[in-house]
Amino acid sequence: MQILVVEDDKRISDFLIKGLEENGYMVTLCRSAEEVIADFLNIAWDLLIVDIMLPGMDGRQLVSTLRYKNCHAPVLMLSALNTVQDKVDSLDLGADDYLTKPFHFDELLSRIKALTRRSQIGFEIKKSQCIQVGALTIDKDQYKVFDGNQELELSPREFKLLMYLVENQNKAVSRIQILNAVWGINFDNQTNVVDVYISYVRNKIEKKQKYIFTVKGVGYLFKLEP
């Protein structure tokens with residue numbers, strides 16, 4: 001697990017890094033919110049531990065900015081501020097948990113485990129909405145296709161064609177069947193649009209592996225080669 005610690009107090013950051021690394025976590029330290037935004041915004045952190053009292057932009061402003069920029073990693077706020085309003089303000093701005101200083105390290109570890117466990121459950125639910133075929137991951141909700149970690153740029157029509165082929169995996173489908181399913185039953189069945197779009201999709205998804213096979217006299221077949 002990769003944890004980003006945002007803390008400007010060297011004594012506290014040294015204590016956090018030592019304890020977290022001893023418990024098997026990979027830790028990166030930032031001493032200001034500005035440093036996070038400039039250099040670490042696009043990293044997929046498993047958890048952020050953020051102090052409120054930072055130089056310049058404070059921790060709550062940082063969390064609000066991260067949420068605005070679609071960073072959804074769990075955030076645990078650390079602060080000596082311990083009023084109910086301090087906690088409410090932090091949670092309302094996007095923090096997931098709040099721990100007051102001083103704290104026992106065992107409690108910090110317990111909070112980390114709880115936050116990452118909830119995050120992992122959410123990830124599994126999201127993942128279940130995706131189809132995995134070979135190296136391809138197809139996100140039906142967002143109309144996105146990934147080859148490994150690389151997102152492929154498919155048009156809505158190309159995506160619909162790919163989905164139809166995948167849903168009929170290991171089954172040969174005719175050009176007329178594809179045309180009716182992807183373009184509509186009233187579309188001109190004399191057109192070669194199916195072959196053209198098959199070529200488009202092949203060029204985009206078959207960089208590393210072949211998926212779409214021509215079945216002579218029938219149409220096309222989507223399958224995974226052994």
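Is Y143 buried or exposed? Y143 is exposed, with a relative accessible area of 52%, which places it over the 50% cut-off. The model discussed here is predicted. The points below cover ring pairs, salt bridges, cysteines and selected helix and loop residues.

**Aromatic rings**

- The structure holds seven aromatic pairs.
- One of them joins F40 and W45 in a tilted arrangement, with 6.2 Å from centre to centre and 50° between the planes.
- F40 counts as buried at 19% relative accessibility, and W45 counts as buried at 8%.
- Y143 and F159 form a stacked pair, because their ring centres are 4.6 Å apart and their planes meet at 25°, and planes under 30 degrees apart count as stacked.
- This pair links distant parts of the chain, with Y143 in the loop between β7 (136-139) and β8 and F159 in helix α6, 16 residues apart.
- One aromatic cluster is made up of F15, F103 and F105.

**Charges over the ring of F213**

- K210 places its charged end over the ring of F213, 5.1 Å from the ring centre.
- K223 also lies over the face of F213, at 4.9 Å from the ring centre.

**Salt bridges**

- The count of salt bridges is eleven.
- E7 and K101 meet through their side chains in one of these, at 3.2 Å from N to O.
- E7 counts as buried, at 1% relative accessibility.
- K208 forms a salt bridge with D147, and the closest N and O atoms are 4.0 Å apart.
- That pair also links distant parts of the chain: K208 is in the loop between α8 (193-205) and β11 (212-215), D147 is in strand β8 (residues 144-147), and the two are 61 residues apart.
- K208 counts as exposed at 63% relative accessibility, while D147 counts as buried at 5%.
- D195 and R175 are joined by a salt bridge of 2.8 Å, N to O.
- D195 belongs to helix α8 and R175 to helix α7 (residues 175-182), so the pair ties together parts that are 20 residues apart in sequence.
- D195 is partly exposed, with a relative accessible area of 28%, and R175 is partly exposed at 31%.
- Salt bridges with shared partners join E7, D51 and K101 into one network.

**Cysteines**

- A search of the whole structure finds zero disulfides.
- The sulfur of C71 has its closest cysteine sulfur in C30, 12 Å away, which is too far for a bond.
- C71 is buried, with a relative accessible area of 11%.
- For C130, the closest cysteine sulfur is that of C71, and the distance of 19 Å is again too far for a bond.
- C130 is partly exposed, with a relative accessible area of 24%.

**Helix α6**

- The twelve residues of helix α6 (residues 156-167) should span 16 Å at 1.5 Å a residue, and the end C-alpha atoms are 16 Å apart, which agrees.
- Buried residues of α6 are E158, F159, L161, L162, M163, Y164, L165 and V166.

- S13 is found in helix α1 (residues 10-22) and counts as buried at 0% relative accessibility.
- Not counting residues up to four places away in sequence, S13 touches E7, L29 and R31.
- R60 is part of helix α3 (residues 59-68) and is buried, with a relative accessible area of 17%.
- Neighbours within four places in sequence aside, R60 is in contact with I52, M77, L81, D86, D89, S90 and L93.
- F103 lies in the loop between β5 (97-100) and α5 (105-127) and counts as buried at 15% relative accessibility.
- With neighbours within four places in sequence left aside, F103 is in contact with F15, L16, L78 and L108.
- The C-alpha atoms of F103 and V63 are separated by 21 Å, and the two residues are 40 residues apart along the chain.

Note on methods. Residues numbered from 1 in each chain as written. Predicted model: local features only at pLDDT ≥ 70, side-chain atom pairs only at ≥ 80, totals over all residues. Heavy atoms only, no water. Helix = DSSP H or I, 4+ residues; strand = E, 2+ residues; numbered from the N terminus. Buried < 20%, exposed > 50% of the residue type's maximum accessible area, 1.4 Å probe, protein only. Contact = heavy atoms within 4.5 Å. Expected span 1.5 Å × (residues − 1). Disulfide = S-S within 2.5 Å. Phe/Tyr/Trp six-rings, centres within 6.5 Å; stacked < 30°, edge-to-face > 60°. Lys NZ or Arg CZ within 6 Å of the ring centre and 35° of its normal.
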